[in-house]
Amino acid sequence: MDLLNQLAVGFSVALQPVNLLYCFIGVLIGTLVGVLPGIGPVGAMSLLLPATFNITPEAAIIMLAGIYYGAMYGGSTTSILVNIPGEAATVVTCLDGYQMACQGRAGPALGMAAFGSFIAGTLSIVGLMLLAPPLSAFALQFGPAEYFSLMVLGLTILIYLAHGSMPKALLMAAFGIVLGLVGLDSINARARLTFGRLELVDGVGLVPIVMGLFGVSEVLLNIEQELRREIVNTTFRGLLPTARDWLESKWALVRGTLVGFFLGVLPGGGAVISSFLSYALEKRLSKHPERFGHGAIEGVAAPEAANNAATGGAFIPLMTLGIPPNVVMALLLGAFIIHGVQPGPLLMTQNPGLFWGVIASMYIGNVMLLILNLPLIGIWVQVLRVPYKILFPLILLLCLIGVYSVSHTVFDIHVMIVFGIVGYLMKKFEYEGAPLVLAFVLGPMLENNLRKSLILSQGDFSFFFLRPLSAASLILAFVLLVSPLLPWTRKKREALALEETS
Amino acid sequence: MAKKQFSVRTADIASSLFWMAVGVGVSYAGYDLELGRLRDPGSGFLLFWVGVIMVGLSLSIFIRALRRETGAHAIKPFSLGVRWKKNIPVVVALFFYAALFTWLGFILSTVLLLIFLFKAVEPQRWSVAVIGAVLSALVTYTVFHLWLRSPLPTGVLGIG
C-alpha cells in the first residue's frame, strides 16, 4: 500500500505538464541519438547537461534518463535496417534483425524490437520500484568502509567484464582515479596535480573527458574509414509481429528481461553484456540454433529486451547507494550533484518527489517511446540517409558547444580535444574508456572513504575485514582479480569477450 | 603492406612504457604531496599507491608483450584502410577553433570551422559547405544562446 502511495506521488510529479514535456524531449532525443551511429546517450546527455541548469532537478533527471532508455530503443533501428548498430548495446540485434530485413520482414523485426523494449523496460521499472526501497533502507547502515569496499568491488566487476586485457582495463581505472584526484584535496584543500593552472583547481570536468573519449574520438575513428550504409529498401507495412512471432519470442522476452535487469545492476556496461548473453542463451536453448543469424525473431527479441531491462537495473545502485554502475549513470550522478541532490540511501526520504517522479516518468517514457517509434520509423530511416560527411561536423560542433556551455572556458574545449586524441589512441592500442570514466567519478569518493576509514580505525586495515559487507566485497573483488590467473576462469572470460567482440 | 602494419606486440610495448612513465610521475607527485601516516593519510597517499599500481600493471603488459610471438597471428592490420590524412586536419582545425573562439566570436569561428570540415574530409560543393555552415551556426546559436541562455562569445566584431 505504501508503495502504491509513493508511486502515486511519483505520478503526480511525472504528470506535471513541464515534466511530461521534458520526458518527451528526452525520449525523442534518445531515440534520435540511438538511431545515429557516432553519437550515443553519453554524448547527448553531456551535451544537454548545461541545458538543464535552469530547470527543476525533477525535469532535468527525467529528461536525461529519457535519453538513456530512449537510445536503447533507437539503436535497434539502425541495426535492423542498415546493419550498423546505433549503440553498442544493439550490436547483436544486427545478426538476425538485418537478416529479417533482407528477407522482407523489417516491419516485424522493428515491431518486435519496439514491443520487446517496451515490455522489458516496463518490467525493469517494476523491479527497480520493488528493489530500491529495501536496498535504500539497508544502505543506511553503511559506513565509509562499506562504501570504499563496494566501490572497489564495482570497479573490479567493471574491469572483469571489460573485453580485452584485464591489466589494461585496470591501468585505465588507475589513471581514471588519478584524473579524479586532480584539484583541491577535499580534506585539507591542498592543490594536487594542477601544474599551476587555475582552471584545474576545481578538478578536470567530467563533460570534456566524456565528450572527448566518446564523442570526438568516435568521429576521428569514423572519418578515417569509409562507412558504407546500405539501407534495406522495404515498405514498413505490417509492423505488428504475427501471432507466430509472439509465440516464438515469448520466452526470449522473459529471459532477456531477467538477464538484462540483473546484469544491469552490476557495474560494467550491463546493457551491452546482457544483450550478448541473452542472445547466446537463446541460441543455446533453442531447438533450432541453426536459425540464429539467419533471421530468427528470438534473436531480435532477447537482446532488445535485455538491453532495455538493463537500463532500469542500472538505476538501482545509483539511486540507492549513490554509486554509478556505468558511464551513463556517472553522468547522471553529475547531474544530480549539479542540481544539489545527492543520490544515495537518503534520496528516497529526502526527495521522494524526485525519486518516485523519475521512476513514474520511466513508465510514461516507455509508453511514449512505443507510440513514438512505430509511426516514426519512416522518419528515422530518412535521418539515416544523411551521409556521415555531413553529420560529423555537426556532431563535433555539438560537442564543442556542449563542453563550452558547462564551464564557459576555452580550457575545457582543449581538454576535450586532448581526450578525443587520447580516446582515439586508446581504441587503437586496445585500452577501454569505460573503466577510466567510472574510476574518474568514483576516485574522489573512493579516496574520501578510504581516508575516513583509516582515520576511524587508527590506520588498521583489518577494519575493512571486520565489517561483513565490506569484507565480502573485498574478498569477491580479490577473487575476480585473481581469477584470470586460473586457466578455467580465464577461458570463460575470454569466451565472453570473444562473443562480445566478434 | 608489411611496413604499414603495426604489430600488437610493438603497440603494447610502446603503450606500457608510456604508462610506466605516467605511473612513475604520479607516484612522485604523490610522494611530493606528502604521504602522511596510515592513521592520518596525507594528500599524496592514494596518488602514490595508485602510481605504484600503474607501474606494476604497465610492467606486466610490457613483459607479456615481450613474451608474445612475433608470428603472423600476432600482427593486426593496425593502420590498414586508415586515412590518416583525414583526421589530422580535423584535430588541427579543432585546436585552431579553440584558439580563435573567444577572439572571433561563436558565429564567425563556427562558420569557418564548419566550412573547413565540410570541405576537408569529403569535399562538398562550396554552396553546400557555406550554406550548411552558416545555417548550422545560426541554428545552434538560436538554440543554445537565445533559447537555452548559454553565454557564447561575440568576439571582436561583436557578432552574436
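A residue is called buried here if 20 or more other C-beta atoms, placed from the backbone, lie within 10 Å of its own, exposed if 12 or fewer do, and partly exposed in between. The model is predicted, so that local features need pLDDT of at least 70 and side-chain atom pairs count only at pLDDT 80 or more, while totals for chains, interfaces and linings use all residues. Residues are numbered from 1 along each chain as its sequence is written, and chains are lettered from A in the order in which they are written.

Begin by selecting residues 41–48 of chain A, which form helix α3, helices being DSSP runs of H or I with at least four residues, numbered from the N terminus. Eight of the eight residues of α3(A) are buried, among them Pro41(A), Met45(A) and Leu48(A).

Among the residues that make the contact are Tyr69(A), Tyr73(A) and Ile80(A) of α4(A), and Ala109(A), Ala113(A) and Gly121(A) of α6(A); residues are in contact if their C-beta atoms, placed from the backbone, lie within 7 Å.

Next, show both chains, where 45 residues of chain A are in contact with 50 residues of chain B. On the side of chain A that touches chain B, the largest share, nine residues, comes from α16(A), and by class that side has 28 nonpolar, eight polar and nine charged residues. Here Ala, Val, Leu, Ile, Met, Phe, Trp, Tyr, Cys and Pro count as nonpolar, Asp, Glu, Lys and Arg as charged, and the others, Gly among them, as polar.

Within this region, select α8(A) together with helix α2 (residues 45–67) of chain B, which pack at an angle of about 155° with their axes 9 Å apart. That makes α8(A) roughly antiparallel to α2(B). The contact includes Leu171(A) and Phe175(A) of α8(A), and Met54(B) and Leu57(B) of α2(B), and its residues divide into 13 nonpolar, two polar and one charged.

Note on methods: Contact = placed C-beta atoms within 7 Å. Helix = DSSP H or I, 4+ residues; strand = E, 2+ residues; numbered from the N terminus. Axes fitted to C-alpha atoms, helices over the stretch in contact; angles between N-to-C directions. Parallel < 35°, antiparallel > 145°, perpendicular 65-115°, else oblique.
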